[in-house]
Amino acid sequence: MKIMEFEYIFEEVKIKPSNAPKFTLNGEEIDIWSEKFANYHSKSIVDYVRENLVRYEQMQIDPFSEIVGKKVEKELVKTALMSGSNILFKGKKGYGKTTFSKSILKLLPEKILAIKGCKIHDDPTQPVCFSCKKRVLEANSVELTFVPRKWIRIPGDPMMTTRQLIGGISIQKIREGYDLDHPEVFTPGRVLKAHRGLAYFDELGSIPSALQTLLHELFEEKQITTPEGDIIPMRIDALIIASTNPANYKGVSDIKEPLLDRMEQIDIGPPETIEEEIEIGLKNMSLKKGARIPEWHLKILASAVRCMRSKNCRYANRIEVEPSCRATIKLFDHVRASATRKGHEAVMLSDYGERFEIVKLALRSRFEIDYDAEISKDEIVEAVVNDAIDSVCSSIYASIPRNVFNDIMEAIAEMRVVNVYKANGFSQFAHSMCKDSNEIKSALEILLESIARCSGLVERIGDGIYAYKAYDRQTRV
Ligand SMILES: [Zn+2]
């Protein structure tokens, strides 16, 4: 006897070899319980994640190797996943919350078996959508397919509707005799589409609070009723990773208690060291080729960004929103772009722009200052970059051995004016600073800049041109 179509909606279906229909894959009958296919169904996402985590641990491989630093955070993520928890990443934008969530995706199986045509990729042994329930119970043969792992991003949109987030099922339409597969009967929203995959809630706190309550129910209960009266009779199996900005941030609302109670909060802050900051910058640049960025320029640019985040920055009380790693990444991109365009083999100071325009291009939109700040954003950038050049130059200056310094000064005195673009091989010490012979002009320039800033014995008089000041003074007198 046929069950009334809509009774499927509320029935829990479990398929075992004894009550299974014929399953086919690419037109051929398969035994899904055979060794070849057993690992691709019947397991929950959390089970898969646990198994894979253990595998990584046994091989002593870091599953999140693409994330720079963050040792403690990685351990917390692994522990939380192992104990079957959902994760809430808390931190300001641009510190890698999304990257982390994508990295976790690796722990999901590469592919899983699903009922072909199912809008939410149902498991053939425990389908949750009624159309599939009906199929596995009634059809003689059910076609399956492999689906790759899913990472579904669900943006925290305050205007989001229930239908967009969860979807809709019209019991009315079913009663009217519509087919269960009919688009007007069942339209899955973003969350249902994440079934058997990873759901990444980007800015969970920005999802309207009524919907947050629904979300909680969706992961806990077998069925929920939306405010619109739609019944969603299915429990979704998905790994939930969410992100949120600190609450003191404008435009960010709260995450509701019951939902918060279901997640482990892991704080994601800026890179701990300048070395990590530089590594992240280099790794994420969009300009992979072009002029070299020597170490001194990497340090100057990264420390300028880090200074703007620091409480010790002289503009700390003016800066309301700090620049993230994206600022560092874009700074590296822009100076490389400038140097490449100008035909420089390596980045020169002139690639910052005459008044650091290139640096401003990368930073201006990436930090905010308070309204009544008497100083402009551009002035802050100029001062901060200048400080960063000062500090890198003083460590270079301090590293010049006394006798080497005397030799350099003697050579400069003799040349009177040094043009770093032409004076190739002028100082052995500059060579020792380079990782690559293409960096020599840039090394020479930063060496002369260091001497200029720290001793005042030379002066920058143009792009890459330094004049011996002691000499000038003598002739003028
Ligand atoms: Zn289905």
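Analyst: **Where two helices meet**

On the α10 side, E277, I280, G281, L282 and N284 meet C325, T328, I329 and F332 of α12; contact here means C-beta atoms, placed from the backbone, within 7 Å. By class, this contact has five nonpolar, three polar and one charged residues. Nonpolar covers Ala, Val, Leu, Ile, Met, Phe, Trp, Tyr, Cys and Pro, charged covers Asp, Glu, Lys and Arg, and the others, Gly among them, are polar.

A quick word on the model: it's predicted, so local features need pLDDT of at least 70 and side-chain atom pairs count only at pLDDT 80 or more, while totals for chains, interfaces and linings use all residues. Residues are numbered from 1 along each chain as its sequence is written. Helices (H or I, at least four residues) and strands (E, at least two) are DSSP runs, numbered from the N terminus.

Back to our pair: α10 (residues 274-284) and α12 (residues 325-342) pack at about 60°, with axes 8 Å apart. That makes α10 oblique to α12 (under 35 degrees is roughly parallel, over 145 roughly antiparallel, 65 to 115 roughly perpendicular, and the rest oblique). Axes are lines fitted to C-alpha atoms, for helices over the stretch in contact, and angles run from 0 to 180 degrees between N-to-C directions.

Next, the strands. Four of the five residues of β9 are buried, so this strand is largely enclosed by the rest of the structure. Buried means 20 or more other C-beta atoms within 10 Å of a residue's own, exposed means 12 or fewer, and partly exposed is in between, with C-beta atoms placed from the backbone. β9 pairs in the parallel sense with β6 (residues 151-155) over five bridges, and I152 stands opposite A199 in β9. β9 also pairs in the parallel sense with β12 (residues 239-244), over four bridges; here A199 stands opposite I240. Pairing needs at least two DSSP bridges between the strands.

G205 is in the loop between β9 (198-202) and α8 (209-220). It counts as buried because it has 25 C-beta neighbours inside 10 Å. G205 and G456 are 251 residues apart in sequence and 54 Å apart in space, C-alpha to C-alpha.

Finally, there's an open sheet of three strands, ordered β16-β18-β17, with antiparallel pairing. Its edge strands, β16 (417-419) and β17 (458-462), each pair on one side only. Three bridges join β16 to β18 (residues 465-468), with V418 partnered by Y466.
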